[in-house]
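The entries follow the order in which I looked things up.

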Number of protein chains: 4
Amino acid sequence: MKKMEVGILGATGMVGQRFLSLLEHHPWFEATWLAASDRSAGKKYGEACNWRLRSPMPVAARDLEVHECKPGGAPQLIFSSLDSKVAGEIEKEFARAGHVVVSNSSNHRMDADVPLLIPEVNPDHLALVGAQRKQRGWSGMIVTNPNCTTVGLVMSLAPLERAFGLSKVMMTSMQAVSGAGYPGVPTLDILGNVIPYISGEEEKVERETQKLLGQLVDGRVQPGDFAVSAHCNRVMVEDGHTESISVALRQKVSLGELIEAWRRFRSLPQERHLPSAPQHPIVVRDEADRPQPRLDAETEHGMATVIGRVRPCPVLEFKYTALSHNTIRGAAGAALLNAELMRSEGYLD
Amino acid sequence: MKKMEVGILGATGMVGQRFLSLLEHHPWFEATWLAASDRSAGKKYGEACNWRLRSPMPVAARDLEVHECKPGGAPQLIFSSLDSKVAGEIEKEFARAGHVVVSNSSNHRMDADVPLLIPEVNPDHLALVGAQRKQRGWSGMIVTNPNCTTVGLVMSLAPLERAFGLSKVMMTSMQAVSGAGYPGVPTLDILGNVIPYISGEEEKVERETQKLLGQLVDGRVQPGDFAVSAHCNRVMVEDGHTESISVALRQKVSLGELIEAWRRFRSLPQERHLPSAPQHPIVVRDEADRPQPRLDAETEHGMATVIGRVRPCPVLEFKYTALSHNTIRGAAGAALLNAELMRSEGYLD
Amino acid sequence: MKKMEVGILGATGMVGQRFLSLLEHHPWFEATWLAASDRSAGKKYGEACNWRLRSPMPVAARDLEVHECKPGGAPQLIFSSLDSKVAGEIEKEFARAGHVVVSNSSNHRMDADVPLLIPEVNPDHLALVGAQRKQRGWSGMIVTNPNCTTVGLVMSLAPLERAFGLSKVMMTSMQAVSGAGYPGVPTLDILGNVIPYISGEEEKVERETQKLLGQLVDGRVQPGDFAVSAHCNRVMVEDGHTESISVALRQKVSLGELIEAWRRFRSLPQERHLPSAPQHPIVVRDEADRPQPRLDAETEHGMATVIGRVRPCPVLEFKYTALSHNTIRGAAGAALLNAELMRSEGYLD
Amino acid sequence: MKKMEVGILGATGMVGQRFLSLLEHHPWFEATWLAASDRSAGKKYGEACNWRLRSPMPVAARDLEVHECKPGGAPQLIFSSLDSKVAGEIEKEFARAGHVVVSNSSNHRMDADVPLLIPEVNPDHLALVGAQRKQRGWSGMIVTNPNCTTVGLVMSLAPLERAFGLSKVMMTSMQAVSGAGYPGVPTLDILGNVIPYISGEEEKVERETQKLLGQLVDGRVQPGDFAVSAHCNRVMVEDGHTESISVALRQKVSLGELIEAWRRFRSLPQERHLPSAPQHPIVVRDEADRPQPRLDAETEHGMATVIGRVRPCPVLEFKYTALSHNTIRGAAGAALLNAELMRSEGYLD
């Protein structure tokens with residue numbers, strides 16, 4: 001099978017680097033077209049990019065030319081990890097020009113006709129693109145994945161919502177610095193410190209969670225009928241967002257039933273064996289002190305959500321800790337899995 | 001006025017060092033008697049102690065002999081920062097021998113006849129010592145201060161409980177490594193990491209909060225009538241526990257009234273100008289990204305609780321971030337202020 | 001005595017903040033005029049500055065207007081901590097306009113007619129300003145202090161050069177992130193890492209050391225007649241540059257004589273009791289594992305150089321560790337002490 | 001080919017964990033016998049060991065019983081990573097009982113009849129075991145690898161000594177915390193800090209370097225005829241010792257010849273394709289700011305020494321930065337490669 005060529009908008013950033021790294025040995029897709037800001041355009045990727053991942057830059061990427069963020073010459077499938085300051089217009093321009101834009105940027109996530117997608121959670125929301133293309137008159141489309149903090153939360157909530165119904169969700173995050181991109185967080189701000197604020201993050205988590213767990217009714221997403229509150233903090237961690245979560249459910253269940261619901265959770269990406277799908281989307285650990293970002297963020301190649309410390313909550317009903325890799329499952333890997341779902345659904349034919 | 005001599009149990013530990021540092025220029029008390037484990041007993045303090053504070057070891061402490069943790073020869077007033085493995089029996093032995101033991105250890109905090117005290121919050125609970133001495137037949141007494149994580153939480157809750165009544169409290173902590181003592185947390189455990197577990201901590205926070213905000217009725221503490229849930233995490237911070245808190249109140253109030261209740265909060269230690277009392281026990285900051293442990297833990301010499309990010313909570317009613325210095329307000333400074341209150345109440349005459 | 005008004009170029013940067021902090025209670029000088037980049041000009045300092053020091057912003061600074069970096073209206077004495085990209089021209093413009101520019105920037109340090117000054121080491125080099133003013137036709141002048149890494153090295157070498165003569169110097173630095181300014185070093189670059197390179201730093205250390213320890217002969221500085229080699233590394237430390245140093249001397253001396261030379265070192269700033277002069281410019285510690293930046297950088301208010309681990313070197317003759325606070329003694333405090341020397345020498349009358 | 005069974009002394013420690021991890025898929029050896037301190041003896045490895053590596057504990061190790069450190073029942077080949085407090089006697093006991101002890105402990109490294117071995121550097125020193133067995137009357141033997149800091153230094157020096165002759169070596173290390181084992185360095189000691197002292201380390205580096213680069217003459221090692229000076233520092237890095245090195249050579253060479261000597265360096269382990277041998281024992285990087293421990297420590301599975309920043313040294317002749325993974329190439333991987341060499345030389349038949 002010939003691999004499908006794909007392009008990356010924002011290829012030199014932290015998430016762009018993850019895209020390239022995850023695509024290096026991908027069985028379906030091959031990154032052949034890279035674009036970034038005007039500062040980088042015209043250079044070779046190897047020169048333009050300050051590569052920050054521990055794994056080396058894919059050899060094939062080094063000599064690719066970095067293009068301007070304009071549609072001409074780009075392949076059909078485009079991953080976007082553009083800064084939200086510019087992503088809004090550029091992504092629309094690509095969709096208008098016929099490209100399938102699978103975006104990690106926040107700009108269009110809450111648009112009523114744009115799917116905000118986690119393949120394990122709400123694959124049916126993909127159907128929104130029909131209305132999107134019609135209303136907007138586009139030959140292409142935009143599909144988005146959630147914020148890096150939302151993903152771990154929603155992965156842990158989805159089996160509970162399905163099995164028992166959610167009523168209330170309280171989440172406090174301790175987020176890794178890689179989530180802020182590069183150069184991102186200055187060392188003088190975070191060395192031996194906690195920053196209890198990330199601009200716009202709490203609002204994103206609260207709204208995206210309800211959209212993701214909402215029902216598609218008459219072509220519109222009915223937001224999930226539960227309350228969500230987020231406290232977002234930055235800590236001195238490289239990769240992996242840790243979340244302290246409390247939930248109240250609509251049904252009385254035991255701790256054992258809760259854990260069982262997580263452990264048996266499988267979904268479409270697992271059934272279809274999508275290349276980036278984790279075998280176990282949720283891993284529940286029994287140790288008293290796990291998950292920990294340094295030890296557990298890369299579980300299932302960074303695509304699993306790791307849950308631990310499941311116990312009763314005196315205020316809501318249950319509390320637990322969840323961990324998710326913020327630049328893999330929470331960004332590049334999320335978009336990649338979205339594209340794999342879309343391909344298996346025939347959207348990329 | 002001649003200073004009163006005081007002793008310190010556990011003088012070589014992190015909290016013991018804080019005691020010595022805070023007592024160095026204290027107007028009422030003077031540390032003249034130090035005790036520690038058998039390993040240190042018999043040595044000079046300067047040799048026995050691996051001093052870890054940034055401020056230098058008080059000169060007067062260097063040549064003091066380190067005693068065994070036995071009552072003979074010790075002054076009346078004893079501060080205890082012993083490890084909880086041994087504190088239980090030793091503190092009772094000192095109280096039995098007539099000493100006033102002002103303890104930072106957790107062992108006796110939840111004993112029905114032992115005051116668990118924050119002078120700004122429940123100074124009337126001190127009256128429990130009457131029953132304590134009578135029942136136990138002691139000429140001395142034991143008075144305790146709360147866990148380092150409880151203090152900041154309760155300082156922030158007390159004005160709300162007083163003014164509006166509390167109904168529900170959810171707290172997620174990001175705790176400094178100094179709270180685990182020395183050698184404490186191994187670097188390999190916390191470098192670039194979060195540990196979502198501190199043994200026994202959540203139970204302490206939940207129970208102590210209810211005792212501290214309880215009412216003294218017929219010589220017994222009626223625990224506060226509200227639910228508390230704690231998630232405790234360790235992060236790579238030196239000093240200062242940061243807490244993401246959500247509360248539900250018994251009365252409808254505005255954000256402004258909430259902030260006003262904190263800002264106008266003054267209590268007995270302020271009225272009596274106790275030497276270690278912060279002028280403003282609660283400092284509310286307006287910036288979007290404060291408090292931060294690196295910048296704010298030492299507010300009012302580490303004795304204030306700093307609150308910020310006050311905003312509505314979609315699940316309970318309000319959410320905010322609170323910060324408190326864990327080895328000052330949360331340990332040595334807490335015990336010191338307790339002793340000052342006791343002196344001003346005539347318990348040390 | 002009325003305080004002398006001073007201005008600060010680059011007032012919003014890390015070193016600018018240190019200037020304001022050190023000047024807050026200064027007995028001779030008062031910061032009344034602040035300037036920064038165009039982005040900040042016109043705002044109040046409290047709004048323009050992202051204050052990053054642990055000590056709070058001086059109240060008097062908050063409402064000062066931030067000016068453009070142009071001479072009109074500025075006081076006679078100007079401290080400069082401008083970025084080297086712009087410092088060269090701006091400092092000359094101020095000197096031409098009659099200002100005494102006491103600069104921490106690197107641009108003019110190696111100019112033959114500009115004093116590169118450490119008041120304890122080469123106060124006589126100040127005489128260079130005579131020629132400077134004449135040749136350049138300036139009514140003002142420029143005087144500089146060395147690079148933050150050079151200062152600790154040269155402070156430790158000066159007593160050896162004076163007493164025994166230096167022949168070879170090898171220095172490896174482990175430099176704090178605050179030396180790179182703000183935002184400075186990205187967290188993703190330094191978290192759990194060492195960066196073995198700081199652009200231009202090694203060259204600065206090697207040349208500045210020779211100029212500082214050189215002799216003023218016929219109005220020119222004859223560079224010190226010894227070899228210097230520097231390895232410069234960045235580590236995850238907030239403040240304080242640690243240096244592993246080996247030296248060969250021109251005279252045979254014992255370890256005891258070496259230490260004695262450091263311990264008895266006093267100089268002009270100490271004799272004249274200049275306000276910012278450390279009482280002991282060099283502090284030698286006997287412990288096996290000191291100095292350490294976290295514990296020792298603030299020795300003598302950050303103005304002392306702390307030396308430890310003095311021992312024979314199998315390759316050169318002696319080796320030791322030196323520590324110096326990079327934004328105090330290595331930047332703002334250095335310039336301040338220069339200005340104090342200049343005042344005591346009558347240059348500011 | 002049936003795998004050879006091997007035992008590990010000190011299996012629960014940091015280096016013991018590395019042994020197990022490196023042996024998990026080893027083509028020649030299989031870890032079947034584990035021993036540790038009395039505290040662990042009798043338990044299953046999965047219970048006894050606080051596994052700290054990012055890669056998970058090998059499944060096969062979990063249920064192995066942890067033995068006492070006594071020879072009975074152990075396989076012929078024994079890897080030792082015992083604490084030096086107990087390694088001396090225990091290793092002798094195993095050698096006496098006929099075991100081939102391949103040790104990472106420091107106790108016997110400097111014994112005249114014990115090979116201190118780096119297979120790329122001095123494979124001929126292995127011949128010392130003949131005299132060792134004869135003199136000591138052992139049927140087994142002890143073979144050692146160098147200290148974790150020595151390895152990177154000597155790997156970088158060996159090609160220079162061979163090609164040009166060494167005259168002087170100056171090394172300043174910035175060492176990772178994993179080198180101190182677990183629990184090892186307390187967080188309060190190293191957070192935002194540098195510790196300029198590691199007990200006994202500098203002496204080890206200086207003596208071991210001379211033994212490793214010495215000549216085997218008449219059955220004795222003639223130490224290398226060059227001076228070595230080491231400054232050893234601890235920094236907040238997880239894995240990978242970074243070293244700033246200056247050298248003087250016996251022959252005039254150009255920078256290009258130096259780099260060429262490193263790049264073309266291959267040795268016995270490469271020629272014989274030993275399973276753990278890095279393809280390129282030395283990797284020279286051209287970037288201005290490499291090697292960095294976070295990015296480069298795992299080069300060639302942690303078995304290569306990475307060199308960068310090669311430039312002239314004003315005091316000696318050349319200076320450069322070298323990096324080596326301290327628990328792989330500097331400990332478990334070093335011993336493993338030694339055992340592979342011994343097997344290929346027929347010592348394990």
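**Entry 1: conventions.** The model is predicted: local features need pLDDT of at least 70, side-chain atom pairs count only at pLDDT 80 or more, and totals for chains, interfaces and linings use all residues. Residues are numbered from 1 along each chain as its sequence is written, while chains are lettered from A and ligands numbered from 1 in the order in which they are written.

**Entry 2: chains A and B.** I asked how many residues of chain B are in contact with chain A. I found 35 residues of chain B in contact with 35 residues of chain A. On the side of chain B that touches chain A, at least two residues each come from β7, β10, β11 (241-249), α11 (293-296) and β14 of chain B. These elements are DSSP runs numbered from the N terminus: helices are H or I of at least four residues, strands E of at least two.

I then superposed chain B on chain A, which takes a rotation of 180° with 0.0 Å of shift along its axis (RMSD 0.0 Å). That is the relation of a two-fold axis.

**Entry 3: chains A and C.** Here I found 14 residues of chain C in contact with 14 residues of chain A. The side of chain C that touches chain A holds nine nonpolar, three polar and two charged residues. Chain C is superposed on chain A by a rotation of 180° with 0.0 Å of shift along its axis (RMSD 0.0 Å). Again, 100% of the interface residues of chain C are interface residues in chain A too, so these copies meet through the same surface.

**Entry 4: a sheet in chain B.** I traced an open sheet of six strands in the order β10-β7-β11-β14-β13-β12 of chain B, with mixed pairing. Two strands pair if DSSP finds at least two bridges between them. At the edges stand β10 (227-234) and β12 (282-284) of chain B, each with a single partner strand, so one side of each has no neighbour in the sheet. The twist from one strand to the next averages 20°. Angles run from 0 to 180 degrees between N-to-C directions, and axes are lines fitted to C-alpha atoms, for helices over the stretch in contact.

β12(B) runs parallel to β13 (residues 305-312) of chain B and is joined to β13(B) by three bridges. Val284(B) has Ile307(B) in β13(B) as its bridge partner. Helix α8 (residues 201-212) of chain B packs on the sheet and touches β7 (166-175) and β10 of chain B; the direction of α8(B) makes about 145° with that of β10(B). Helix α9 (residues 255-263) of chain B lies across β12, β13 and β14 (318-324) of chain B, at about 170° to β13(B).

**Entry 5: α6 and α8 of chain B.** The axes of α6 (residues 148-164) of chain B and α8(B) come within 9 Å and cross at roughly 40°. That makes α6(B) oblique to α8(B). For this term, angles under 35 degrees count as roughly parallel, over 145 as roughly antiparallel, 65 to 115 as roughly perpendicular and the rest as oblique. The residues of α6(B) in this contact are Thr149(B), Thr150(B), Leu153(B) and Val154(B), and among their counterparts in α8(B) are Val205(B) and Leu212(B). The contact divides into four nonpolar, three polar and three charged residues.

**Entry 6: a sheet in chain D.** Last, I followed six strands in the order β3-β2-β1-β4-β5-β6 of chain D, which form an open sheet with parallel pairing. Its edge strands are β3 (66-67) and β6 (141-144) of chain D. Two bridges join β2 (residues 29-35) of chain D to β3(D), and Leu34(D) stands opposite Val66(D) in β3(D).

Key:
Least-squares fit on C-alpha atoms with pLDDT ≥ 70 in both. Contact = placed C-beta atoms within 7 Å. Nonpolar A, V, L, I, M, F, W, Y, C, P; charged D, E, K, R; others polar.
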